[in-house]
Amino acid sequence: MLDAQSAAAAPPVIRREDYRKPDWLMPDVHLEFRLDPARTQVAGRLEVTRNGAHNRPLRLNGDGLTPLAVLIDGEPQADAWRMDGPDLLVDLPGDAHVVETRVEISPEANSQLMGLYASGGNLCTQCEPEGFRRMVFFIDRPDVLSRYTVRMEADKARFPVLLSNGDRTASGDLDGGRHFAEWTDPFPKPSYLFALVAADLAANVDSFTTKSGRPVKLAIWVVEKDLPKTEHAMAALKASMAWDEKVYGREYDLGEFNIVAVADFNFGAMENKSLNIFNSRYILADPETATDIDYDGVSGVVAHEYFHNWSGNRVTCRDWFQLSLKEGFTVFRDQSFTADQGSAAVKRIEDVRLLRAAQFPEDAGPLAHPIRPESYMEVSNFYTATVYNKGAEIIRMLHTMLGPQKFRAGCDLYFARHDGTAATCEDFVVAMEDASGVDLTRFRLWYAQAGTPRIRAALSHEPAGARALLTLEQTVPPTPGQPEKQPMPVPLRIALFGERSGRAFEEERLVVLDGERCEILFEGIAERPVLSINRGFSAPVIIDAARSAADLAFLSAHDDDPFARYEAMQQLMVDTLVGAVSTGQADHGPVIEAVRTTLTDPALDSAFIGETMLLPSEAFIGDQMAVVDPVAIHRAREALRRDLGGQLEGEWRDAYERSRANRFELSPQAKGARRLRTIALGFIMASGAEDAAGIALRQFHEADNMTDRQGAFGVLANSLAPERDVAIAAFYDRFRDNGLVLDKWFSTQAFSIRPDTLDRVEELSRHPDFTLANPNRLRSLVGAMSGNQLVFHEAGGRGYRFLTDMLLEVDGLNPQTAAKLVPPLGRWRRFDEGRAALMKAELQRMLDTPGLSKDVFEQVSKSLA
Ligand code: 0A1
Ligand code: ZN
């Protein structure tokens, strides 16, 4: 319950059903920036036209702006405008006017990293979702599209590079060591896609010729010393451009494409039209400083932002409730791209692991929302795993149900119909229906209902009639505001395998469970069948198929769908661990034998073996239990690790040796080998072998790449051996000047399962290299600690207090980033009474803090409700 005081402070709720088309349009805008880190003057010249018959004033959104001048049709005005809270209201007599405003802002004082801010001495912008209004009074909503011309002026020595969207149309020198540039973007766009950069950076320049023969100049801008680290990003950009032409028929539409990397950024990257701005961790990569996971992060995010040029920019969103229209679709597109570039099976396993780690808990907790939410207080809180990753799963289900050709026809129709406009999720579904002829009426429930559906699957076999009957039952759990749910269409790829023959009985079937229950008959099933279901993770659901350990071990060795093979092993491990936690008894035998089989199967590649050997995370095990017991889960999991390590020590040592390379390479084989090598090292360590810490330290010192070094560092960070301190000191000394690598130094220690981890985390929060101002650094320590189930939930609540102290401090600087730290505490209902009370007390402490941002208020009040 909210007390009276906090209820009074509650920010207004914005509802999807209240959408109204804009009162005014703004076809052309001209912006002028006189740039200076301390005091930047901004002038906005907006050509506005009345939209429909009404006499409402023009509302220009502002956030912390004071108008220094307001002009209408060139005339300064004293009375024709007034402030309404942060917004500027202008009374306009006619239907078309030119409205000009002037303000002054301070980029270097902008710690929110929204609007115009300074990072590493350079100036850049972040406008999505509502940052534009922190620079210029504007109609700051995504369904108002304008053509922009932008003039920037700045000190030439300090800011030699001036960039904005579109093409540079003028530039030159000015008095007093200043210079200017003017940029024009011919494509109408909403304000959230605007960007500007004034910087001292160097570019890696390249080119791409589109399929219709148009040359595009590509440039990736970074601090000069980082230029050698931009090759991977550039290759990914070119590959993305070619892929979107080939797979979606989408061509790039401007003469240049710029990417700028900055160190201080709230999210991963931003798709501003032709001027993407990136968190530098998703651009910079070289073998010495980036792990294979980092390399994959770079190519995935470069592709994601590039693909937005069509799914997001050419067709944008009508309002922020439609966010998944661009994000779910674009994540699906970047996932497909990555799958096509390397191992599709490994990519699918990774994506599902992420969905289960980030989205399933969200969908099962107090912050659950449909991929198209119904309401929000602060839209920044809705850049969630649900909107992004579950959104992508929903597009993937359309792809699965319609098949690739009809899906592509639906996309073509969607782009053709809505190019240059702001669309809705409904528009996307209608395009899919119109192009495919498939009725998606019930499928729309996936956009409207939150919660992860649960499917019970029971298979019975009748040997006499050689028949098998599969019964499927669906329930969708209640979520906040949605007590009753309807069953949704769930596409399930299904196969049956003969227990003795090890072979599939027939071609895989695609079954769409489109109600609460259905039965599927299989004929010609002479021997006992084993069920393989939700192959490839064809639907984002939880399957409850109650298969025996023997059946799961069988599938992990015989299924012909690699994802299903992985899944069977995971299920076997989860069942074993959940059993161990709840009964205190564990039979590790079946897991050990299944792992042995996979680990020694010569037909499997190392990357796949590595994925399959990873034990389910402590958090995921907790998600399966009524009440999470972090200590018991940790003990059970470590016991299994120890047994696997000890009983298969020879196999792990073989795998470790087999995976050794002489020299770094970025091929899928080499990446797989590195992955398996460090996993094997972890198990050798877990076995308790005396030489293990020495092997790890050798790997740490001898590594010619960050994957091996960081892998060894991670293993050592968990250990009590003296080698751990050697590694911590050596890692720091080697990388103290590299911010992105120092983030790893912090996070690796915060993820440690050592009993003194919280002491160490508190100590690190006082380290000179720790700062709350940089979101990457904050996440590397505080975010990592709160993702460490054992440590965060230490009895007594020290982890909760630490998180809350940090969060409250960050809220004063950067509310968006602070709000992202709330969800771990919002999971209090899943824990025992003692922990739950401590977690709630911290949430209440936040709520009782005067001046709390609306970002944090929304997350905290919903978490307590
Ligand atoms: N549209 C971006 C995500 C993004 C959202 C908000 C931001 O503001 C701080 C930044 C980026 C994407 O999907 O990549
Ligand atoms: Zn995106």
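## Alanine 416

Alanine 416 counts as exposed because it has 10 C-beta neighbours inside 10 Å, where exposed means 12 or fewer other C-beta atoms within 10 Å of a residue's own, buried means 20 or more, partly exposed lies in between, and C-beta atoms are placed from the backbone. This alanine 416 is found in helix α7 (residues 404-418), helices being DSSP runs of H or I with at least four residues, numbered from the N terminus. Alanine 416 and valine 315 are 101 residues apart in sequence, yet their C-alpha atoms are 9.4 Å apart in space.

This is a predicted model, in which local features need pLDDT of at least 70 and side-chain atom pairs count only at pLDDT 80 or more, while totals for chains, interfaces and linings use all residues. Residues are numbered from 1 along each chain as its sequence is written, and chains are lettered from A and ligands numbered from 1 in the order in which they are written.

## Helices α5 and α13

The axes of helix α5 (residues 344-363) and helix α13 (residues 606-613) come within 9 Å and cross at roughly 20°, axes being lines fitted to C-alpha atoms over the stretch in contact, with angles from 0 to 180 degrees between N-to-C directions. Ala345, Val346 and Ile349 of α5 make the contact with Ala607, Phe608 and Glu611 of α13, contact meaning backbone-placed C-beta atoms within 7 Å.

## The nonpolar core

The largest nonpolar core has 236 residues, and those with the most contacts inside it include Ala198 and Val260; such a core is a set of buried Ala, Val, Leu, Ile, Met, Phe, Trp, Tyr and Cys residues joined through C-beta atoms within 7 Å. Helix α11 (residues 562-583) gives this core its largest share, 10 residues.

Note on methods:
Helix = DSSP H or I, 4+ residues; strand = E, 2+ residues; numbered from the N terminus. Contact = placed C-beta atoms within 7 Å.
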